[in-house]
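Welcome! Here is a short tour for someone meeting this structure for the first time.

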Amino acid sequence: MKFLSFYRDTFFNRLILSHTALAVVLLGLAGGYLYTQANQMMVNEIARDSQSRLVTAKDYVERSLLQKYEDNLKNKVIPTIFTRNNSNLNYLLDNGWVGNLDLILSLQQDLDIFRKTSEGASNITVYFHKGNYVVNSDLFIENPENSKDFGFIGQLSQIAPNRWMIRTLPDGKQVMTYVVKLPYGIGSSSPKGYLYVDVDLEYLKQAVAKIITSSFERFYIFDANGNVLLQTAGENPEEVGLLQQAIGSGKTVSKISDSVRGTIVLSHLAGSKSELGWTYAIVRPMNSFVLDSKRMKTKIFVACCLVLVFGLALSYLISKRFYLPMKKLIQHVRNLYQPGLNPGHANEYMIIGSALNFMGQKIVSLESQAKKNEMKNLVLGASLGLVHVDGAATGMPLSGGTCPTHRRR
């Protein structure tokens, strides 16, 4: 309010305000464009880093973490452990358990050794069609109906072998399971049994979480059908839905902003780049780490402030330069006419308006006086034109004639 009380609506002030507004608008457009580009650069930087980390995560999960269980099954368990100590797996596949309890006990011990030497493995189970029995790392089950995995065992013939899948055990524990047909390498032939290993999903989560640098970042793995196989964070159906939409749209990077989570960047690695057909995705908040683009945004803000100060000074100088003709005009008007105004409260518009009003009144007064003089001359029987002619005739004789006075004489 104090500023408004000292403000005067003068032509000079209007020039300053107009040039300042122009400087602010131009600066806002340029600064906004640069700030948007810096923001986009941050998103691109996060996207590049996320894609690199997703490739690393894919290689770690598929070629290191899960591959070791597959290699142990193919290279150690089936050809080696199952044949030593007379524990011949092929023999048990072709014969029932009756009379072979010693071989089954040896097999059960071998399975237990594999479970203990394979970090993260919770159980390994073999199902035999011949004799319809089950042997796992803990028990020999004569009737599969007595097994807690009876429902899963009944579906083994419908499950694609040599593929990882996620399932929930009867006790509520989640595991990833890898199924192999027996004997190993039979292809599409009718199997004589199945072997499957269960890996604790919580162990896989902790192993994958080690490659996540920030607790705010969330890592997901989707199977070929779009279902969640593994996630490092708690269940968040809304976020999973956003990821599934981004994956379905084909965009590898999506930026989402809201009032609850702020701005987050969703990145995913297409399933075509995975040997298992899985899709890897990561959610990263933009404010969880500092990047070069953030420093660039700070520099843009500081530069805009400096340019704004420079723009204000330049607006003043330009306005002062443009005001010089108006100032000369005002001085000329004041020299010709001094209006009865207080200079402290009069601006250029008031001075010029008052001068024009006074000149208008003066013109009206002069026109009125001229009309009065003309009327007076008409009443006296003379006009300016006749008086002028008579005077000219009196002062000069007519050519070729005689003066009227001499004529009367």
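Predicted model: local features only at pLDDT ≥ 70, side-chain atom pairs only at ≥ 80, totals over all residues.

## Getting oriented

Helices (H or I, at least four residues) and strands (E, at least two) are DSSP runs, numbered from the N terminus.

Residues are numbered from 1 along each chain as its sequence is written, and side-chain values use heavy atoms, with hydrogens and water left out.

## A nonpolar patch

Leu-26 also belongs to a nonpolar surface patch, together with Leu-22, Val-25 and Leu-29. The four have about 400 Å² of accessible area together (Shrake-Rupley method, 1.4 Å probe, with only the protein chains shown counting as cover for residues). Patch members have over 30% relative accessible area and no salt bridge; nonpolar side chains (Val, Leu, Ile, Met, Phe, Trp, Tyr) are joined within 5 Å, and like charges within 9 Å. A salt bridge is a side-chain nitrogen of Lys or Arg within 4 Å of a carboxyl oxygen of Asp or Glu.

## The sheet

Next, look for the open sheet of six strands, in the order S3-S2-S1-S6-S5-S4 with antiparallel pairing (two strands pair if DSSP finds at least two bridges between them). Its edge strands, S3 (140–141) and S4 (164–168), each pair on one side only.

S4 meets S5 (residues 174–182) in the antiparallel sense over five bridges. Met-165 stands opposite Thr-177 in S5.

## Pocket and cavity

Both terms rest on a 1 Å grid over the protein atoms alone: a cavity is a set of points where a 1.4 Å probe fits but cannot get out, and a pocket is an open set with protein on both sides within 12 Å along at least five of seven lines; lining residues have an atom within 4 Å of a point. Grid points are joined across faces, edges and corners, and a volume is the space filled by probe spheres set on the points.

The largest pocket has a volume of about 360 Å³. Of its 18 lining residues, those closest to the centre are Asn-123, Asn-136, Lys-148, Asp-149 and Leu-169. Strand S1 gives the largest share of this lining, three residues.

What is the volume of the largest cavity? About 50 Å³. Its lining includes Val-61, Leu-65, Met-176 and Trp-278.
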